[in-house]
Amino acid sequence: MPKLVIDNHEVTVPEGTNVLEAAEQLGIVIPHFCYHEALGAIGSCRLCAMQFHDGPVKGLKMACMTPAQDGMVVSTTDPDAVELRAHVIEWLMTNHPHDCPVCDEGGECQLQDMTVAGGHHLRRYRGKKRTYHNQNLGPLISHEMNRCISCYRCKRTYRDYCGGTDFGVFGSRNRIYFGRYREGQLESPFSGNLVDVCPTGVFTDKTFRFKSRYWDLQEAPSICPHCSLGCSTVPGGRYRELQRVRSGVNRETNGFFICDRGRFGYGHANHEERPRSAHVDGRVTPIDEAVTVARKRLQAIIDTDGPDSVVFLGSPRASLEANGLLAAWAKECGSRRLLFETHHRRDLAARILATRLGKRARSLEEVRHSDCLVLIGADPLTEGPMLALAIRQAARTGSQVMVIDPRPVELPCPFTHLPLPPTLLETAIEALATGDSGSFSLEQQQLLSKMREALASAQKPILIGGSDLLGPYGTKALLDAAEKIDSEQRPVGIMALLNGPNSFGAALLAGDGPDFDRLIDDLQEGKVKALVCLQNDPFRESCYPAKAQAALGHLELLVCIESTPSLAAQRADILLPCRVTAETAGSFVNNEGRLQAFMPVIDPGLSIQTTGQGSHPPREFFTETPGSAPQPDWAIMANILDLPGNLATIRQQIADEDSRFAQLPNLVAASPGYRLQHFEDLPPANHRPAERPGSFDLPLLPVTSFVGSEWLAHLAPALNPLRTQPAVCLHPELAASLGIDESETAILTTHLGHCHVRVQLSDNMVSNLVLTHQLWGSALEGMSPGVVIDCRLEKEVSR
């Protein structure tokens, strides 16, 4: 490891570290623009000049482009280096506008910081400035090209790191332009990262524009609630309104970036219809009184019908602490009916993964460094977007990427695709493990053989699965295949995409408890009288919503603890409002079993924009903050159980009762977290459905979309322009047999009814399958991802 001296301080750094990074380890700040830890260095800004006095390199050099070597003696304060940095800053500022007071980047602008650090304080240039026309880049990103200093970070992030193709650099010399060939909405699902990487105000968050200054925001480290990957985020709020989300840094998960769903999907926190007061039988009630009523009514049912007449339903959206206390409440009541997921395929898949994953768990950082990735039944861009970005980084370093999936999967990197029907995914996994591919065509056998050979020759192979398409049996097959393929010298890793931010933690708590389908039967038979629902919506999120709604109609009592305007919250006999993730502290366990903490950003309440009708200061005054009744989900549970409402105490209690969560009391936000170790018996496998719902002639596979299929993102107005319209996707051969052309309108008929859909064609999918997206707030809302049903598709006849 090289040992060098910087400003009379000695430092030892790993091989491959550049001098700029070595200086940062000593706490020495070197002005720079083009360098970024995730992007590397290109030496375009020329600002990180340092004087090398001794060692293998001498003279004035760019620190970001100079690898650290043994024996180097470096000075950051040498007069020549200081003078060069001052000149570079002055050159960069020659064309920069004097618009800091109106620039949204003010206060967190790296150009401001580096201008001061570079010693530039007086503008001598009096000539005309270079100017550009700005582009409309869509509803999320603002473009102010006149502020550009040509650091190339935007191009390197959007094109090189994220794989976007509709944005780049144009021009030459001092006429460089960063934008699109023609203005229009940015197509990459990672476009928001332009805001984070731009060191000036060229790219800013349009949804946050002119709302607050950086120094006025309340910020805290948090975890993204939109998928199971557990990406680090930093939400910011003011005046009781969540106003933006930027990427946090966790090198084990998301690294330095997040997807647009995580960045712009915070609207659920400000949603005008979210529950903000407790209700008992439709009457607004103080929350403590509502808790007391809930306990009394539940106890009355238990006394009359027994403890198993009450079902306790947790959620992948609820914190580990709240789910843990819900389990404690069920145990105290004597009820064995405890579960945390209403979609039984997702539920059992998560349970199997949680009990068998163990040391095969792989993080996004390990995916980025894998040399062979095989995806089976997983569509990262819709189910876990940052996984797609991690796969791209692996591909950029030479990793082989192969996909087995019935859908026309898209990835931001080259890959080999084998389209197979959903019913053959398990068989394909077994073929990868055993080499027995006799049930496939010759072309399919050749591709499977190629994948098997790639897995055998790789040093860091990872199998990636999606719980929606694989379900419990496919997930078990994936784990079995990893055991058969790997060896002590070359273990095979597993990464599976789950439903929510705490699906893994909920699965650990569920153990071998019942699944929701069994409870529907008990509801219909009158064995279940009451349901306690914690941040879940069994009316809409089960595999068969219509069947679930009919069964839930038999309930005598529904107690709902909820933070969003769900159907369960609307139909609850007793509603207890809780806080969203950005308003409370807690923890999630992500899909690799990593326990991570999040902190509160703001307290709940109606924003001043709402209470003041848009004016400030408000013209009305209240003894209590309007809309401030919601409490943390774990605090409500603690109140019900007569426990101290202290998070540290609750965490200690959970850790004492369950050794798997022994690290919970030591958890710190903005840290990599702890990966849990877990080895238990498998939950009982649910029976396979005897037949698909419906009596039509075509198989229909509902799948998720980037925005419209995730409940919290559905509640975010900023993401509405990204929502897809109801559509079906067909292979051209199937479309031709039905007499339907691309972009035409067709009528989709299922056992749920009729729906008008737009037709899309793709030859990169299974030929005898119809695909559609489950979309909240549309006629396709009742579709359950991963559950194949029968359908009929007919061309709409104009009248």
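Strands β30 (residues 727-730) and β33 (residues 770-773) run antiparallel and are joined by two bridges. Val 728 has Thr 772 of β33 as its bridge partner. The model is predicted. Both strands belong to a closed barrel of six strands, in the order β29-β33-β30-β32-β31-β34. Pairing in the barrel is mixed. From one strand to the next, the twist averages 45°.

Charged side chains were examined next. Side chains of opposite charge can pair when their charged atoms come close. The count of salt bridges comes to 41. One of them joins Asp 166 to Arg 180, with the closest N and O atoms 2.3 Å apart. Asp 166 sits in the loop between α4 (153-161) and β7 (168-170), and Arg 180 in the loop between β8 (177-179) and α5 (193-197), so the pair ties together parts 14 residues apart in sequence. Asp 166 and Arg 180 are both buried.

A salt bridge also forms between Arg 360 and Asp 486, at 2.4 Å from N to O. This pair links distant parts of the chain, 126 residues apart. Arg 360 lies in the loop between α9 (344-356) and α10 (364-368). Asp 486 lies in the loop between α15 (467-485) and β22 (493-497). Both residues, Arg 360 and Asp 486, are buried.

Asp 405 pairs with Arg 407 in a salt bridge, the closest N and O atoms being 2.8 Å apart. Asp 405 counts as buried because its relative accessible area is 0%, under the 20% cut-off. Arg 407 is likewise buried, at 3%.

Salt bridges also form a network. Its members are Glu 252, Glu 366, Glu 592, Arg 594 and Arg 675.

Technical notes: Residues numbered from 1 in each chain as written. Predicted model: local features only at pLDDT ≥ 70, side-chain atom pairs only at ≥ 80, totals over all residues. Heavy atoms only, no water. Pairing = 2+ DSSP bridges. Helix = DSSP H or I, 4+ residues; strand = E, 2+ residues; numbered from the N terminus. Axes fitted to C-alpha atoms, helices over the stretch in contact; angles between N-to-C directions. Salt bridge = Lys/Arg side-chain N within 4 Å of Asp/Glu carboxyl O. Buried < 20%, exposed > 50% of the residue type's maximum accessible area, 1.4 Å probe, protein only.
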